[in-house]
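I opened this model to look up its strands, its domains and its ligand shell. My entries follow in the order in which I made them.

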Amino acid sequence: MKAIVFEDTRRVGVHEVPDATIVDATDVVIRVTASAICGTDLHMYDGRTGAEPGLVLGHEPLGVVEQVGSAVQMVSPGDRVVIPTHMYCGVCYNCARGYTAACLRVRPGGFGAAYGYAGMGDYRGAQAELLRVPFADANCIPLPGEPYDEHEDDFVLLADAFVTGWHATELARVGAGPAPVAVFGAGAVGLLAAYSALLKGAGEVYVVDGVTARLEKAGELGAVPVDFRAGDPVEQIRERRRQRGLPPGESVLDGVQHGIDAVGFQARDRAQPDAELPFQVIDDLARLVNPTGHLGIAGVYADRDMHPAPDGSTSGALTVPWATLFAKGVSVGFGRTHDRRYTTRLRDLVLTGRAHPGRIVTHHGPLSEAPELFAAFDRREHGVVKAILRP
Ligand SMILES: NC(=O)c1ccc[n+]([C@@H]2O[C@H](COP(=O)([O-])OP(=O)(O)OC[C@H]3O[C@@H](n4cnc5c(N)ncnc54)[C@H](O)[C@@H]3O)[C@@H](O)[C@H]2O)c1
Ligand SMILES: [Zn+2]
Ligand SMILES: [Zn+2]
């Protein structure tokens, strides 16, 4: 089968690799109809994770079940399914409590695993014609319809980007209500975090980035774009909130109640945007959040950065404004999305016409176009926000 293989820093290729097959009786093999490229793939593409050449990339698959192991009961050949990024067994202590990204059985000696991801278990990636799905009864989420119908882009985003955006709003405790929300990062995750906050009823959602095409998308979704190239985004948001008018006695609350980091450790340094400053977004959020507010950190922070930007450090330990967060009494939620908590709920928002996450998709291409799409996405060129491969 054909698959996208990590060759070296900023080099991927289309390779012929052995077909995915059933290994355990609980596996299925799916034929992939759509497989998205994610900002997380860029951490590997940019050489930041220590990924070994030969790794098949991809963790956002949609497809059709082709073969089933003898113990699989919930799906059959021909079923259309989306497969969550973070694989899980469904029954261990953490899975049973809904913490599927911390499954205790998918990575011996550790917790949590993902497809095509350095350090997250020995599982091949999904940017390929076929994918082996372990613990298939738990990991195959059934979908109606046919490949390439009107929901193809909505459904592929259920694998990771939409559930991560929603999870970010849960980490930041965005509830049903109009409290103001700020999202840093207007990649697919940030855009869909903003979209999730709007679906939940947020009245004011600000989205910060420095890429014009992405800020425009944020505006199309109904959020307020904030361009960090035009000045400190914290001050810009406070200014806008004051202009809207704050109730008497609440002038101190000109920040936001909920703040989301959808950028991660590759955050740009606003003082010199060609450089990185891994704690830039955390710093900004700590300044922006209102007293008693809540932060959700969905952007990835790497344990070790194998190729830090100039002046950067290999260590994942960052200096964060702990005292500011303490003084404000802020809660901070971190981490990978517990996909399975949200997948069916978000699927049903799509099926009932309430949500259309596929509107953030900008590019489609066959596997052969992956090298160009990766390069353009990495350089934030040609308006690539979310690209979907069709193997
Ligand atoms: N928690 C999870 O389970 C999970 C799942 C998927 C992705 N992620 C992570 O979420 C992050 C976003 O993913 P994506 O696919 O949207 O990536 P992306 O690379 O497309 O988007 C990141 C955006 O952040 C912007 N940015 C950079 N520095 C900034 C700054 N200082 N202030 C504001 N914006 C800034 C960039 O211009 C870019 O548009 C990545 O770190 C990714 O690894 C986490
Ligand atoms: Zn992803
Ligand atoms: Zn488990």
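**Sheet**

I began with β11 and β12, which pair in the parallel sense over four bridges. Strands pair here if DSSP finds at least two bridges between them. Helices (H or I, at least four residues) and strands (E, at least two) are DSSP runs, numbered from the N terminus. I noted that V207 stands opposite P225 in β12.

This is a predicted model: local features need pLDDT of at least 70, side-chain atom pairs count only at pLDDT 80 or more, and totals for chains, interfaces and linings use all residues. Residues are numbered from 1 along each chain as its sequence is written, and chains are lettered from A and ligands numbered from 1 in the order in which they are written.

I then traced an open sheet of six strands, in the order β12-β11-β10-β13-β14-β15, with parallel pairing. β12 (224–227) and β15 (331–334) are the edge strands, each pairing on one side only. Neighbouring strands of this sheet are turned by 20° against each other on average, direction ignored. Helix α7 (residues 212–221) lies across β11 and β12 and runs at about 160° to β12. Axes are lines fitted to C-alpha atoms, for helices over the stretch in contact, and angles run from 0 to 180 degrees between N-to-C directions.

**Domains**

I looked up the domain assignment, which gives domain 1 (2–160 + 339–389) and domain 2 (164–334). Such bounds come from an automatic or database assignment. The C-alpha centres of the two domains lie 27 Å apart. I found 20 residues of domain 1 in contact with 19 residues of domain 2; contact has C-beta atoms, placed from the backbone, within 7 Å. On the domain 1 side, α1 gives the largest share, three residues.

**Ligand 1**

Where does ligand 1 lie? Both domains give residues to its shell, so ligand 1 lies between them. Of the 34 residues around ligand 1, G39, G185, G187, G264 and R268 come nearest. A residue is near if its C-beta atom, placed from the backbone, lies within 6 Å. α1 (39–45), α6 (188–200), β11 (205–209) and α9 (280–288) are the elements that give two or more residues to this shell. The largest share, four residues, comes from α1.

**D274**

I located D274 in the loop between β13 (256–261) and α9. D274 and A309 are 35 residues apart in sequence and 9.8 Å apart in space, C-alpha to C-alpha.

Technical notes:
Two residues are in contact if their C-beta atoms, placed from the backbone, lie within 7 Å.
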